[in-house]
Amino acid sequence: MADSNTYRLRWQRDAHRALGEFLASAAELGMPAMSWTIATSGALVGDVDSLTSSPQEMRQAFIGWAAALGAKVIPERVDSDGVSHLYAQFGWEKNPEVRGAIRATVYPPMGDEVTP
């Protein structure tokens, strides 16, 4: 059991190192901040901020991060309420074992919101 835990901790350390590099590059490129999670498997998941961003800003952040990470964008899924789900998968070029995804859940504008 200790061996499995040792692997999980190593995967998380590798993901942490990759995230540090992603964030350093993001600062240089002027990318927006995202919420990041490191799973026990070492997978990184970035979620675009939906609380302080407009739907258009969310899409721009998603597209920018996907491009910066060389991510494979999966076709957008729109549910019956008009909510768009954006998803992209990426791998870290320095260590192919470090992988992850970027997600965004874009809600349609409320009645009083204007879409630019």
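Trainee: What should I know before I start?
Mentor: This is a predicted model, where local features need pLDDT of at least 70, side-chain atom pairs count only at pLDDT 80 or more, and totals for chains, interfaces and linings use all residues. Residues are numbered from 1 along each chain as its sequence is written, and side-chain values use heavy atoms, with hydrogens and water left out.

Trainee: What volume does the largest pocket have?
Mentor: About 250 Å³. On a 1 Å grid over the protein atoms alone, a pocket is an open set of points with protein on both sides within 12 Å along at least five of seven lines, while a cavity is a set where a 1.4 Å probe fits but cannot get out. Grid points are joined across faces, edges and corners, and the volume is the space filled by probe spheres set on them.

Trainee: And which residues lie nearest the centre of that pocket?
Mentor: F22, A68, L69, W92 and E93, out of 14 lining residues; lining means having an atom within 4 Å of a point. Helix α1 (2-29) gives the largest share of this lining, five residues. α2 (55-68) and β4 (84-92) each supply at least two. Helices (H or I, at least four residues) and strands (E, at least two) are DSSP runs, numbered from the N terminus.

Trainee: How does the pocket lining split by class?
Mentor: Eight residues are nonpolar, three polar and three charged. Ala, Val, Leu, Ile, Met, Phe, Trp, Tyr, Cys and Pro count as nonpolar, Asp, Glu, Lys and Arg as charged, and the others, Gly among them, as polar.

Trainee: New topic: how many aromatic pairs does the structure hold?
Mentor: Five. Rings of Phe, Tyr and Trp (its six-membered ring) pair if their centres lie within 6.5 Å; planes under 30 degrees apart are stacked, over 60 edge-to-face, and the rest tilted. F22 and W36 make a tilted pair, 6.3 Å centre to centre with 45 degrees between the planes. That pair links distant parts of the chain, since F22 sits in helix α1 and W36 in strand β1 (residues 35-38), 14 residues apart.

Trainee: Is F22 buried or exposed?
Mentor: F22 is buried, with a relative accessible area of 9%. Buried means under 20%, exposed over 50%, and partly exposed in between (1.4 Å probe, protein chains only). W36 is buried too, at 16%.

Trainee: Why is the pair of W36 and W65 edge-to-face?
Mentor: Because their planes are at 70 degrees, with the ring centres 5.4 Å apart. W36 lies in strand β1 and W65 in helix α2, so this pair ties together parts 29 residues apart in sequence. F22, W36, W65 and F90 form one aromatic cluster.

Trainee: Last one: how do β4 and β5 pair?
Mentor: They pair in the antiparallel sense over nine bridges; two strands pair if DSSP finds at least two bridges between them. β4 and β5 form a hairpin with two residues between them, and Y87 stands opposite R103 in β5.

Trainee: And which way do β2 and β5 run?
Mentor: Strand β2 (residues 44-47) and β5 run parallel, joined by four bridges. In β5, G100 is the bridge partner of L44.
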